[in-house]
Amino acid sequence: MLGRPTEFLILAGGPTRPGRHHLVVSRFVLLAPPPPSPPLGFLAMDATRQPEQRPGDGDGDRYGVLLYYKYAEVPDAGALAAFYEEHCRSLSLVGRVRVGPDGVNATLGGRMAALEKHIAEMSSNALFDGTDFKLASCEDPVDEKVARECGFTSLSVRVVKELVTLCSNPTSAPPEISSAGKHLPAAEFHSVLQNVAGTSSDAVAPVEKNEVVVVDARNVYETRIGKFNVPNVETLDPEIRQYSDLPSWIDEHTEKLRGKSILMYCTGGIRCEMASAYIRSKGEGFENVFQLYGGIQRYLEKFPDGGYFEGKNFVFDHRISVGSLKENILGACLLCGSSYDDYSSRCRCSHCRMLVLVCPTCQDSSKEYVCELCQKNGKEHCQISTKQDCEIQIGLSEPSGFEKTSISDHSMTSKVPWSNDTEHLKKLRILCLHGFRQNASNFKGRTSALAKKLKHIAELVFIDAPHELSFVYQPIQGHCSDKPSLPSATSKRKFAWLIAPNSSFNTEQDWKAADAPFDPLQYQEQTEGFEKSYAYLEKTISQMGSFDGILGFSQGAAMAALFCRQQQKTCGAPRFKFGMFCSGYPAPVGDFDGEPIKLPSFHCFGNGEGHDRQIANKASTELAGLFQQDRCSVLEHDMGHIIPTRLPYIDQIRSFLSSFL
């Protein structure tokens with residue numbers, strides 16, 4: 001790691017001098033590391049350097065997962081991200097790469113031979129000197145849902161403001177990474193635990209044992225299936241929902257940490273870097289912080305029987321979790337309490353969307369789950385029936401000419417058995433933004449089925465965009481003339497949130513022939529008009545009152561994301577509780593600055609099999625990637641360029657909205 005040695009001087013015997021920062025583990029002392037070396041820049045790749053040998057089974061056709069991170073100064077994050085994009089695609093690698101001015105964090109999947117080539121290429125750059133490349137051979141992704149949710153069906157390379165966001169408050173400066181705790185390799189970490197637990201022949205006195213605490217830097221759903229359990233050693237589980245909650249927990253438990261020797265651990269090590277630096281930034285009494293180098297993954301490699309780690313290590317790829325030879329189960333079903341530790345069903349809390357453990361016997365699509373943290377906060381189950389007696393399909397395409405709506409007219413019944421039939425819950429008020437060349441009226445008509453199925457929990461409010469568009473039509477040859485005839489009916493005005501440069505329109509009804517055929521990539525040219533649309537939305541919201549959430553379709557989804565991003569820049573956070581982005585795309589307007597949009601988000605779009613011929617699956621996936629990932633829900637469907645209202649899709653939409661009631 002940047003400026004910090006991985007080997008430590010160990011002095012045996014004799015008392016230590018007053019004032020020396022140390023960790024008493026027996027009759028030896030771990031000294032504080034020397035000052036960090038200067039940061040490294042992004043240097044040209046040197047293909048002449050030979051990489052060291054990496055683990056693998058020697059079979060290049062086997063599938064594998066590679067995890068690594070590196071804190072270092074990156075002068076041109078954009079250039080490095082572009083290199084990753086080209087290089088990883090050339091090797092058919094999938095997964096996530098985050099590049100920031102402070103370094104790189106990568107989780108990649110692919111064939112072992114390709115991953116080994118990637119390691120060789122990155123190792124030839126001085127920027128990655130000392131990087132711990134964790135390569136593991138595993139089975140190919142077989143569960144498409146899990147692989148898609150974990151990002152293992154495509155490659156996502158993004159430039160970010162910082163590798164990990166320790167504090168969600170954008171005005172708070174992160175701690176200096178150079179102040180992070182000292183690294184303890186797996187063998188030394190185990191030796192420390194062994195000594196303070198009194199299980200070695202060189203045991204320490206009880207008073208010294210009490211000076212050591214172990215801190216788990218992971219989220220609560222990770223700790224529920226696996227954690228360190230050391231006899232006679234206090235292990236602190238912060239029970240946080242997300243990493244950005246950790247500073248608050250540290251602030252509230254400073255007296256439990258003050259003056260102690262603190263051993264921290266996480267999945268692969270990166271979260272301990274910032275967390276340990278944050279603890280040490282508190283000054284006197286918080287100097288002795290040590291972290292497990294390489295995280296739980298390296299520890300289990302060194303101690304395949306599990307050592308002091310019990311259960312499974314939660315990982316953020318298609319494997320979901322990795323266990324030891326013990327194969328013991330720590331987790332329990334949320335509902336029945338039976339032993340269970342499999343998150344592959346991806347059941348989530350209906351309130352906060354956190355993963356929860358629900359065994360197959362208790363899994364039911366009609367049930368809503370409430371995680372242990374929400375239960376502690378007094379939130380209760382709010383079931384919604386999934387039984388519907390209708391299937392209404394509404395097309396939401398953005399046509400270049402006349403629009404056609406196809407509605408199968410069936411009777412519809414929707415019963416919502418609240419816990420108290422006499423209780424009327426307040427509905428969520430959602431601002432709805434239509435797509436390009438639409439208006440509030442036709443968007444309202446096309447989402448009428450959605451509004452009906454959400455009528456007990458949400459009120460949809462529709463508005464026109466501020467940019468009026470020219471009337472267009474597709475030329476149709478007349479029966480009695482060789483000339484194309486103009487439409488005879490008077491059409492309603494159409495609007496847009498973003499327009500192409502030099503766009504103009506006539507306030508009179510002046511028809512013009514549309515470009516044919518319709519260009520599905522026209523949105524890439526719509527780069528103007530954001531300032532006017534932003535000011536218009538601000539004024540509209542101030543006049544119409546507050547909204548709980550915002551929903552956008554196609555260009556409306558692009559505008560909704562831009563609006564939330566701009567609010568975060570100017571106000572510190574979006575004003576909505578949530579956002580819903582349907583068939584959206586990242587508009588080619590401005591720069592997201594690598595800062596994720598900190599808003600619970602629901603993204604609904606067509607899958608990658610060509611069902612949506614107007615907005616590509618990749619574009620919608622990229623938009624979802626711009627939001628805070630631990631609060632981001634994705635629904636992919638096979639219905640094309642629409643908002644689906646049939647089962648099971650409508651249940652997922654309801655479930656997301658119900659969490660904000």
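**Entry 1. Surface and overall make-up**

I looked up the surface first: the chain exposes about 29400 Å², and carbon and sulfur atoms supply 50% of it. The area was computed by the Shrake-Rupley method with a 1.4 Å probe; for residues, only the protein chains shown count as cover. I note that this is a predicted model, in which local features need pLDDT of at least 70 and side-chain atom pairs count only at pLDDT 80 or more, while totals for chains, interfaces and linings use all residues. Residues are numbered from 1 along each chain as its sequence is written, and side-chain values use heavy atoms, with hydrogens and water left out.

I found that 53% of the 661 residues count as buried (under 20% relative accessible area; exposed is over 50%, partly exposed in between; 1.4 Å probe, protein chains only). The chain has 17 helices and 27 strands, taken as DSSP runs numbered from the N terminus (helices: H or I, at least four residues; strands: E, at least two). Among contacts (heavy atoms within 4.5 Å) between residues at least 6 apart in sequence, 75% join residues at least 24 apart.

**Entry 2. Helix α10 and its surroundings**

I examined helix α4 (residues 186-196) against helix α10 (residues 295-302): they pack at an angle of about 85°, with axes 9 Å apart. Axes are lines fitted to C-alpha atoms, for helices over the stretch in contact, and angles run from 0 to 180 degrees between N-to-C directions. The two helices are therefore roughly perpendicular (65 to 115 degrees; under 35 is roughly parallel, over 145 roughly antiparallel, the rest oblique). On α4 the contact is made by Ala186, Ala187, Phe189 and His190, and on α10 by Arg298, Tyr299 and Lys302.

I then followed α10 to a sheet: α10 lies across β10, β14 and β15, running at about 130° to β14. The sheet is open, with 3 strands in the order β10-β14-β15 and antiparallel pairing; strands pair if DSSP finds at least two bridges between them. Its edge strands are β10 (226-228) and β15, each pairing on one side only. The twist averages 40° from one strand to the next. I recorded 3 bridges between β10 and β14 (residues 309-314); Lys227 stands opposite Glu310 in β14.

**Entry 3. Helices α14 and α15**

I looked up helix α14 (residues 530-544) and helix α15 (residues 555-571), whose axes come within 11 Å and cross at roughly 80°. These helices are therefore roughly perpendicular to each other. Residues of α14 in the contact include Phe530, Tyr534 and Leu537, and those of α15 include Met559, Leu562 and Phe563.

**Entry 4. His603**

Is His603 buried or exposed? I found His603 buried, at a relative accessible area of 1%. His603 sits in strand β26 (residues 601-606). Not counting residues up to four places away in sequence, His603 touches Phe581, Leu623, Ala624, Phe627, Cys632, Ser633, Val634 and Leu635.

**Entry 5. Backbone points**

Most residues other than glycine have a negative phi, and most peptide bonds are trans.

- Glu239 has a positive phi, near 55°, in the loop between β11 (234-236) and α7 (246-252); Glu239 is partly exposed, at 30%.
- Arg353 has a positive phi, near 70°, in the loop between β15 (321-323) and α11 (372-376); Arg353 counts as buried, at 14%.
- Leu647 and Pro648 are joined by a cis peptide bond, with omega about 0°; Pro648 lies in the loop between β27 (632-637) and α17 (649-658).
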